[in-house]
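Subject: Structure handover and notes

Dear colleague,

Please find below the structure that I promised to pass on, followed by my notes on what was found in it.

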Amino acid sequence: MSRFRRSVAEHAAVVADLLREVPVPTGELALADALGRVIAADVVAPIPLPVFDNSQMDGYAVRAADLTGAALPIARPIPAGAAGAPLVPGTCAPIMTGAPVPAWADTIVPIEAAVPDAFPPFVTDRTRPHDDDARVTLPVAAEVTPGAFVRRAGSDIAAGAVALRAGDRVGPRHAGLAAALGITGLPVLTAPTALLIATGDEVVAPGGELGPGQIFDANTTLLAASLAEAGWASETLTVDTDEPKDFAAALRAAVVRCAPALVLTSGGISAGAYEVVKLALGAAEHDVEFGSVAMQPGGPQGAGLLDIDDRAIPLLAFPGNPVSTFVSFEMFLRPALVERFGARARTSTTARLAAAADSPAGRLQVRRARLGVDGVVELIGGAGSHLLGPLAEANALVLIDPETTRAEPGARLRTILIGEIQ
Ligand SMILES: Nc1nc2c(c(=O)[nH]1)N[C@H]1C(S)=C(S)[C@@H](COP(=O)(O)OP(=O)(O)OC[C@H]3O[C@@H](n4cnc5c(N)ncnc54)[C@H](O)[C@@H]3O)O[C@H]1N2
Ligand code: MOO
């Protein structure tokens with residue numbers, strides 16, 4: 001079996017190509033379920049916003065032409081939610097914010113600009129009869145802008161206009177707009193399913209009993225969480241055998257059962273005597289290659305297409321160390337999910353290194369770090385790919401390029417944000 005040697009960019013390109021094999025599923029989801037997902041097609045406004053001409057102020061609806069300075073008779077009030085009668089010319093109607101502007105009225109005078117500057121009692125107390133003698137003095141036409149404080153139908157969004165754009169991510173603002181348009185579901189990219197496989201005799205699902213030499217499976221939980229953040233669903237399989245034939249059979253059964261869009265394995269791919277993933281999948285029927293990428297952690301990698309019942313299913317084999325698994329996801333899988341499936345991209349920045357750091361020649365080193373608001377980044381924990389404590393504390397990954405064997409304090413290094421800066 002030939003082994004590849006690739007740069008980070010070369011392997012990222014291989015992974016991106018593999019992910020292009022996966023169809024992008026779309027569907028309509030209720031607004032609450034669509035949150036965080038990417039809109040799959042433009043959404044057209046079925047109604048205008050505002051839905052009808054309405055008042056922006058509590059005040060009087062009037063025809064600007066009637067503002068001569070003479071006191072005007074006060075017509076019946078128009079509360080929000082009313083289907084108002086047309087304005088009788090020469091009168092003004094008390095109107096509340098959001099209430100429909102009656103036909104014939106073209107201007108709203110806010111209550112503060114009226115004399116008196118409070119509504120008469122028959123307006124504020126709905127049990128009182130209308131007072132035909134009530135009058136109010138409003139500013140003259142020259143003092144108001146015709147059309148003032150009228151929110152025109154369709155002035156926010158016209159019916160038939162694109163309200164939500166394909167490619168945008170649904171957030172509270174988009175959900176609010178959809179709701180205002182009476183829309184209850186949105187076309188979005190939905191969740192493909194990945195099959196996550198933990199391998200190794202030593203690995204026990206959390207909640208189980210640890211025997212001698214055994215550890216809990218961190219990787220499938222870490223990967224499931226990373227995928228969930230990226231909008232994917234996942235199913236998990238723990239294969240506690242180092243026997244390639246048994247592994248291949250378990251993998252096949254799981255693929256047939258859950259028909260995943262992608263298979264991710266962790267462990268069993270480096271130079272040991274019992275590398276179950278490599279031994280089982282390096283077989284001729286599958287088109288999966290194993291090798292090393294010039295990166296630390298996450299050097300050992302496998303990638304290719306599984307052939308199961310004539311279906312080609314992309315598979316990525318990540319190294320077993322948990323930090324290696326995390327870094328592999330961030331460096332290879334996340335960018336491909338961003339490109340094709342609308343996953344959120346990480347923010348990348350340049351930060352100043354707090355203290356000197358050594359780095360292996362010829363490999364991109366990815367160190368866990370804390371980036372401060374001052375733009376200074378401090379490496380935490382060592383380079384070891386088993387160090388889950390500092391990974392959980394980190395808010396950044398710092399990249400030290402393959403040509404650098406020692407980065408000096410103050411060096412400006414590419415830094416990927418994986419958490420919040422506090
Ligand atoms: N002679 C060599 N040995 C190793 C090399 C090498 O080049 N030559 N590479 C090292 C590097 S780098 C890594 S990374 C690991 C990768 O090994 P595998 O992918 O084959 O993974 P395993 O050997 O199965 O496990 C490695 C490590 O991770 C633990 N592990 C595995 N699965 C899980 C899991 N689901 N949750 C938590 N921890 C897990 C496992 O117990 C091992 O400690 O190989 C080096 N060796
Ligand atoms: O590359 Mo391994 O992934 O360092 O520990």
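Pro 297 lies in the loop that runs between strand S19 (295-296) and strand S20 (300-308), where strands are DSSP runs of type E with at least two residues and helices are runs of type H or I with at least four, both numbered from the N terminus. The peptide bond leading from Gln 296 into Pro 297 is cis, with omega near 0 degrees.

Before going further, please note that this is a predicted model, in which local features need pLDDT of at least 70 and side-chain atom pairs count only at pLDDT 80 or more, while totals for chains, interfaces and linings use all residues. Residues are numbered from 1 along each chain as its sequence is written, chains are lettered from A and ligands numbered from 1 in the order in which they are written, and side-chain values use heavy atoms, with hydrogens and water left out.

Gln 296 and Pro 297 also belong to the surroundings of ligand 2, together with Gly 298, Gly 299, Pro 300, Asn 321, Ser 324 and Ser 385; a residue is counted here if one of its heavy atoms lies within 4 Å of the molecule. By class, this shell holds 2 nonpolar, 6 polar and no charged residues, with Ala, Val, Leu, Ile, Met, Phe, Trp, Tyr, Cys and Pro taken as nonpolar, Asp, Glu, Lys and Arg as charged, and the others, Gly among them, as polar. As for polar contacts (pairs of N or O atoms within 3.5 Å), an oxygen atom of ligand 2 lies 2.4 Å from a polar backbone atom of Gly 298, and an oxygen atom of ligand 2 is 2.5 Å from a polar side-chain atom of Ser 324. The side chain of Asn 321 has an N or O atom 3.4 Å from an oxygen atom of ligand 2.

The backbone of Asn 321 takes part in a contact with the other ligand, since one of its N or O atoms is 3.2 Å from an oxygen atom of ligand 1. A polar backbone atom of Gly 268 is 3.0 Å from an oxygen atom of ligand 1, and a backbone N or O atom of Ala 218 lies 2.9 Å from a nitrogen atom of ligand 1. Taken alone, ligand 1 exposes 870 Å², of which the protein buries 64%, the areas coming from the Shrake-Rupley method with a 1.4 Å probe.

Around ligand 1 there are 21 residues, the closest being Glu 202, Asp 217, Ala 218, Ile 269 and Gly 320, and the shell divides into 10 nonpolar, 8 polar and 3 charged. Strand S15 (215-216) and helix H8 (322-341) each contribute at least two residues to this shell.

Two further backbone features may be worth a look. Val 115 and Pro 116 are joined by a cis peptide bond with omega of about 0 degrees, and Pro 116 is found in the loop between strand S8 (107-110) and helix H3 (121-124). Ala 259, although not a glycine, has a positive phi of about 40 degrees, and Ala 259 sits in the loop between helix H6 (244-258) and strand S17 (262-266).

With kind regards

Note on methods:
Polar contact = N/O pair within 3.5 Å; in protein donor to acceptor, adjacent residues only side chain to side chain.
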